[in-house]
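My notes follow in the order I took them.

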Amino acid sequence: MSEQQPLSQPLQTEEPLLNDQEMQFWLDKAVAWGQADSPDTQKDTCLHMSRLRDFLQQLLTQVNSMSSTTETMKRLPFLGQLLGRLCWNPYVTVCDTSRGLLLGCLWELYSERPSNAVEQKANQWIRKVLCQLSTEEDDTAAQALMKCTGVPAKEYHLKVLRKKVALLQENVGQSCTLFNSQRCSCDRIVAISEACIPIVACPEASSLISLLLQRPVACVTEVLSEDFLDALTSAYSRQGLALEEQALVSLWYHSFSSLEEAVLSLLQSVITTGLTPQKLEQQVAQSLLPKACAQHCSVFLVVNDIFRSVLKQAEVNEFVKALVQTFTKCFLKELALLKPQTSISVKAFFPQSPSSLLVPLLTMPSEMPQGAWRNHLNWLSSSLQRLTEEEEEGDGDGRSTRGHHNVFEAWFLLVQCAHWVQVAVQLLVTSGTEDGDPFLWLLIFYHYPTNRWHHRASQLARAKEAWNHIRTLFSGAAHPLPSDRLQSLVTLVSPQPEQQSLAPSLTVSLLVNVAVFCQLPPSGSAEVLQAVVDQSGLLDEAACVLSSLELRLNEGSCLSRDTVHLRIKELQKTITQMHSDGT
């Protein structure tokens, strides 16, 4: 039973305790009023309404003074029957004061933490009564009142609903009194949220729901009902509930299941539709999840754990990796907007990431001069190589579990900050033969984080071979295209029955970047690109890399030359034409 002030404040003068005769009198009246619908009954109800309100005020005072619902039911055994009959009588509930007093008695009877079967049954009954008061179910007495007054049913029920919402909303605003007295009124919020369960999908209740979700937490005892949060989640997932942006963010903060459902829905949408980088960024931003993560560190940790779990099972899924990278990018933008308002360190959002790599990877390429990119990536590559070497050294002395964890977390952070992987590709294709090894190693680590059976070493050798073929194909002297080199490259990137082939995303990324940044005329680059993607079946992947390059060029995270934008457009025309020819 809650220990808060009732909806309608009791009189400050001392009220005598109710006696059995008075309780029996009003119970008899409630029975008589409910059994007949005649002018005499209506007249009798109106004549007694003033006395009834005084009685209900005394009843509310007495109920509020008792320690529990169990004690109340023992001392007033007919209370439930009386309240039920009065709540079902529209001639009583049509009066604001009487209605408020009845609702006050119900809330005082509601047990936040029912301790026995009596209190559990009382809670179920109270929810049923509240539901009846706020829905459009047929009721004989209500129909009689509507017929007598000429009020349409829809209008009557809307008025009843709005009155209930107004009474609830008035009490949400009452703050916790824990610091002013020994009694805390925050358990009232639980009761109010329980009362909202039947009406969560009603548009009239939207302001009340938003107020409950966004109400500042005044003390550690204040929570929202789990049933209320579940009802909101269910209604929102069925698109039967419209929430304002901040209310939705607050729902995710309060409800793990709602947050998890939103993240999994975003994952499913990205995996099944295969969006372009621009559309992916737009969808992620519109999901509001990055904004929720920036506002609440706990929300970000949950979302990050979901992504971490998915990537452990699907480390080669490029759609998932693209989503994780785009999500982190949008999150960092939202966090930067809130930075003056929050003192939370960025390390609090990434507690498992290697601290030495955190800031260097989270720094966007656009935040430093392009001339510093090479040294920055050389340092990142060497740091990650040392980390993987420590893992391999620990495989035989019991440190492998910790080493594997550290390497995975470093790789996970690299996936989140894959803008540096994309810069590494550009620097590789514009660097000399000897200067490109650190960048190529970084690319292999990104695509092959697991070093079981020395796959990373074999893939590095295979990647170097593919890289040499690509450079030869785009050599200005190599014209017409050397068919042997072309066929060898296609073979390298095609699935092999007995050995692991190169990741298509790695090969296409190298191929497209060379086409964009090489010295060949645009028509020559388009010819090479067309030949390779046509024979290898990597047309969609090439279109995605070009789209990503265009996006990063506009953001300042791509090497800029006067001809880069024009070359990207030319290659996009080639890909579009290939799509048209294919259909």
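First, a term I need throughout: helices are DSSP runs of H or I with at least four residues, strands are runs of E with at least two, and both are numbered from the N terminus.

Ground rules. This is a predicted model, where local features need pLDDT of at least 70 and side-chain atom pairs count only at pLDDT 80 or more, while totals for chains, interfaces and linings use all residues. Residues are numbered from 1 along each chain as its sequence is written, and side-chain values use heavy atoms, with hydrogens and water left out.

**Entry 1: the largest pocket**

I looked up the pockets next. On a 1 Å grid over the protein atoms alone, a pocket is an open set of points with protein on both sides within 12 Å along at least five of seven lines; a cavity is a set where a 1.4 Å probe fits but cannot get out; lining residues have an atom within 4 Å of a point. Grid points are joined across faces, edges and corners, and the volume is the space filled by probe spheres set on the points.

The largest pocket holds about 1,100 Å³. I found 44 residues lining it, with Glu 318, Ala 322, Cys 544, Val 545 and Ser 548 closest to its centre. Which helix gives the largest share of this lining? H29 does, with 11 residues. H29 covers 539-555, and it is one of the helices that each supply at least two lining residues; H15 (277-286), H18 (318-338) and H23 are also among them.

I then sorted the lining by class. Ala, Val, Leu, Ile, Met, Phe, Trp, Tyr, Cys and Pro count as nonpolar, Asp, Glu, Lys and Arg as charged, and the others, Gly among them, as polar. The count is 21 nonpolar, 15 polar and eight charged.

Where does this pocket lie? It lies between domain 3 (257-351) and domain 4 (466-582), because both give residues to its lining. The domain bounds come from an automatic or database domain assignment.

**Entry 2: the second largest pocket**

This pocket holds about 440 Å³. Its lining has 20 residues, and Tyr 236, Trp 252, Ala 262, Ser 265 and Ser 287 lie nearest the centre. H14 gives the most, six residues. By class I noted eight nonpolar, nine polar and three charged. Domain 2 (155-175 + 185-254) and domain 3 (257-351) each give at least three residues to this lining.

**Entry 3: helix H23**

I checked the length of H23 (residues 419-430).

Buried or exposed? Buried means under 20% relative accessible area, exposed over 50%, and partly exposed in between (1.4 Å probe, protein chains only). In H23, 11 of the 12 residues are buried, including His 419, Trp 420 and Gln 422.

**Entry 4: single residues**

Val 263 sits in helix H14. It is buried because its relative accessibility is 1%.

Ile 199 is in the loop between H10 (187-195) and H11 (206-214). At 0% relative accessibility, Ile 199 counts as buried. Ile 199 and Leu 232 are 33 residues apart in sequence and 9.8 Å apart from C-alpha to C-alpha.
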